[in-house]
Amino acid sequence: MKRIEEFAELIQQKSVEQVIFDLDSTLYTSQIGIETQVMESIRKTTARLLGIDISEALMLLKKYRLAYEMSFVGLERHHQLDRVTFLNEVFRDIDISRIPTYVGLPEVMKKAAASADVYLATNSNHEHAHRVLRHLGIMDTIMPERIFSCDDMGFVRKPNPKAVELMAKKFKLSDFSRVLFIDDSYASIKVFDNIGAHTILVADDFSSERVRQKVQNEEIPEGTAVTYDIVSCLNRLFI
Ligand SMILES: [Mg+2]
């Protein structure tokens, strides 16, 4: 396992110049359970738009996920639901007003933007990403063209390597040894570690069972550091 200070040195030496952040449960606590809200909203939106009940929607989404890997594909193919409109509806229902903001995050994100090229790679859509960044007070630290959302991934999601490939293309990233990737998902961290990026896994008391177990059993990739406090981690990274 790596130490945060080792990455800080790489940033100071300009060996690492690109920092990619995940958004949900990385730049704010996972306690709020946005991912769960999104899953619930997908079911409710499907039910509402197709005029069926929640349990039918659940079965349909599962069926399409098995058949096409992504349920959106089935909804488009068999029900003429446009995926952009669908996701806008899904995210419109998400209540972000209860997201607690970390003290010191805007200040340290400014330092990050001054020391490296800062990117955002999120599985949510652009609208949600912009709303949350504004809520967290860090909208001015990430340029809009450096935000990569599921709209840009053709709705493929991290940790699917295809999503990473599309992101690398959009951001013109070729040398991942110059990239630091920060995410709360163990699976996403693994994918970026495999392609040679430096990685930081963000954990907290409310992290998924999988992350907590991996950290507890020290099953962390060699090139990965772990943090329980993103603000203090960033303050150590960007001096
Ligand atoms: Mg996340």
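Predicted model: local features only at pLDDT ≥ 70, side-chain atom pairs only at ≥ 80, totals over all residues.
Which hand does the crossing of helices α2 and α5 have, left-handed or right-handed?

The protein chain is divided into two domains, of which domain 1 is made of residues 4-29 together with 101-237, while domain 2 covers residues 34-92. Between the C-alpha centres of domain 1 and domain 2 there is a distance of 27 Å, and where the domains touch, 8 residues of domain 1 are in contact with 9 residues of domain 2. On the domain 1 side of this contact, the residues comprise 1 nonpolar, 4 polar and 3 charged.

The opening question concerns helix α2, which spans residues 34-50, and helix α5, which spans residues 83-92; their axes come within 8 Å and cross at roughly 125 degrees. Because an angle of that kind falls in the oblique class, α2 is oblique to α5, and the crossing of the two is right-handed. From α2, the residues Val38, Ser41, Ile42 and Thr45 meet Phe86, Glu89 and Val90 of α5, a contact that by class has 4 nonpolar, 2 polar and 1 charged residues.

A second pair is formed by helix α6 (residues 105-115) and helix α11 (residues 230-237), whose axes lie 9 Å apart and which pack at an angle of about 30 degrees. Since angles under 35 degrees count as roughly parallel, α6 and α11 are therefore roughly parallel to each other, and their crossing is left-handed. Here Leu105, Val108 and Ala112 of α6 meet Val231, Leu234 and Asn235 of α11, and the residues of this contact divide into 5 nonpolar, 1 polar and no charged.

Notes:
Residues numbered from 1 in each chain as written. Domains from an automatic or database assignment. Contact = placed C-beta atoms within 7 Å. Nonpolar A, V, L, I, M, F, W, Y, C, P; charged D, E, K, R; others polar. Axes fitted to C-alpha atoms, helices over the stretch in contact; angles between N-to-C directions. Helix = DSSP H or I, 4+ residues; strand = E, 2+ residues; numbered from the N terminus. Parallel < 35°, antiparallel > 145°, perpendicular 65-115°, else oblique. Left-handed = near helix turned anticlockwise from the far one by under 90°.
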